[in-house]
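Visitor: I have not looked at this one before. Can you walk me through it?
Guide: Here it is.

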Amino acid sequence: MKKLFSIFFIALFAFVSAQDKDSKETANRFFYELTFKPKKDSAKLDKVLTVLDIAKDRSVYRDYTVIGQDSIIKVQVEAMQKSGVFKDLSKTIRMPKFSEKIVKYYPDMKVQYVERIASGFSPMAIAYNETIKFDWKISNEKEKIGPYNAQKATVDFGGRKWTAWFSTELPFQDGPFKFSGLPGLIVKIEDEGKNYSWILQGNKKVQNWEELSYSEKISNMSLKVTDMPREKFEKTFSDFKKDPFATARPMMTQEIMSKTIPGMDGTIGDMMKKQEKMYKDFFNSNDNPIELTYSSADKKKK
């Protein structure tokens, strides 16, 4: 779900030192430009850069917006740590368009779909797992997509008809979002109505790759997730979207709400209202999901 990272959480944890550990992993990072239609009753399109990081035993797909600003965030947080004065990062940091993180585990390609909610004042990751058997129809049609020789394939998934172009020049049976299972990396994929269209823009090797971004680490995130059946996941996440601070509000006394933090405009209560509006604006900005439906088998899982 959304790589929406909460500035509110960063405000609370910014002064806790994050221990940077050298990672021994190397990943291939593939950059996809996603053009999408956020509102189903509007023809207006939006764009965002997403990434698929392919490591040894898994791949991780997500919105690149926040990850791409890690170095900027690190400089600003370190300045806050040094001065002891809080700075509202929402004034300088661009927010993502999508909040989900999708991990595919090799070799069986089990998909873990992760979203973030709040548990009191702590971030909490919830997830559901599925193994998707894509019924790809590979045609003989070929085309040049960017620098790559690609071949066409089609599939029905999530209530939409998709056309993909894959290239065996990139020997990864993977792709953006949940898509996988073709004899090469997907370099372009879009649905019939062009609601969602990904196209590969470039790639690079990432040395010392880590799954958690700097922003996630300082906001007290970890790789731990709470797995649940998809039906329960959908309800839990839906409840969070309706009231993002439901679990935190009972802990907020009037005294706490009236306090201020040095460098912050207004009180903690004002900041909570601002964060709540930010969350709701984010969730209300897209009513045209990638998946219109999911399988009845998923719905029956308890």
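**Walking through the model**

Guide: This is a predicted model. Its largest nonpolar core has 53 residues, and those with the most contacts inside it are W136, W162, F177, F179 and W198.

Visitor: What other core lies apart from it?
Guide: Another core, of 10 residues, lies apart from the largest one; M80, F86, L89 and I218 are among its residues.

Visitor: Back to F177. Where is its place?
Guide: F177 is in the loop between β9 (160-167) and β10 (185-191).

Visitor: Does F177 count as buried or exposed, and why?
Guide: F177 counts as buried because its relative accessibility is 2%, and buried means under 20%.

Visitor: Which residues is F177 in contact with, leaving aside neighbours within four places in sequence?
Guide: F177 is in contact with Y61, E100, I102, K104, Y113, F157, W198, I290 and E291. One of these, W198, is also listed among the residues with the most contacts inside the largest nonpolar core.

Visitor: What about phi of F177?
Guide: Phi of F177 is near 55 degrees, which is a positive value in a residue other than glycine. N208 also has a positive phi, near 50 degrees, and is not glycine either.

Visitor: Where does N208 lie?
Guide: N208 lies in the loop between β11 and α3 (214-218). With 47% relative accessibility, N208 counts as partly exposed.

Visitor: Changing topic: what order do the strands of the sheet have?
Guide: The sheet is open, has 12 strands and shows mixed pairing. The order is β7-β8-β9-β10-β11-β1-β2-β3-β4-β5-β6-β12.

Visitor: Which are the edge strands?
Guide: The edge strands are β7 (137-145) and β12 (226-227), each of which pairs on one side only.

Visitor: How many bridges join β1 to β11?
Guide: There are 10 bridges between β1 (residues 27-36) and β11 (residues 196-206), and the two strands run antiparallel. Y32 stands opposite L200 of β11.

Visitor: And the helices? What does α4 lie across?
Guide: Helix α4 (residues 230-242) lies across β5 (110-119) and β6 (122-130), and runs at about 30 degrees to β5.

Visitor: At what angle do α4 and α6 pack?
Guide: Helix α4 packs with helix α6 (residues 268-284) at an angle of about 125 degrees, and the axes are 9 Å apart. The two helices are therefore oblique to each other. On the α4 side the contact is made by F237, F240, K241 and K242, and on the α6 side by Y279, K280 and F283.

Visitor: How do the residues of that contact divide?
Guide: Four are nonpolar, none is polar and three are charged.

Visitor: Which peptide bond is cis?
Guide: The one from Y106 to P107 is cis, with omega near 0 degrees. P107 is found in the loop between β4 (101-105) and β5.

Visitor: One more. Where does F134 lie?
Guide: F134 lies in the loop between β6 and β7. F134 counts as buried, at 15% relative accessibility.

Visitor: What does F134 touch, not counting residues up to four places away in sequence?
Guide: F134 touches V155, F157, K178, F179 and S180. F157 is also in contact with F177.

Visitor: How far apart are F134 and T154?
Guide: F134 and T154 are 20 residues apart in sequence and 9.7 Å apart in space, C-alpha to C-alpha.

Technical notes
Residues numbered from 1 in each chain as written. Predicted model: local features only at pLDDT ≥ 70, side-chain atom pairs only at ≥ 80, totals over all residues. Heavy atoms only, no water. Pairing = 2+ DSSP bridges. Helix = DSSP H or I, 4+ residues; strand = E, 2+ residues; numbered from the N terminus. Contact = heavy atoms within 4.5 Å. Axes fitted to C-alpha atoms, helices over the stretch in contact; angles between N-to-C directions. Parallel < 35°, antiparallel > 145°, perpendicular 65-115°, else oblique. Nonpolar A, V, L, I, M, F, W, Y, C, P; charged D, E, K, R; others polar. Buried < 20%, exposed > 50% of the residue type's maximum accessible area, 1.4 Å probe, protein only. Core = buried A, V, L, I, M, F, W, Y, C linked by side-chain atoms within 4.5 Å.
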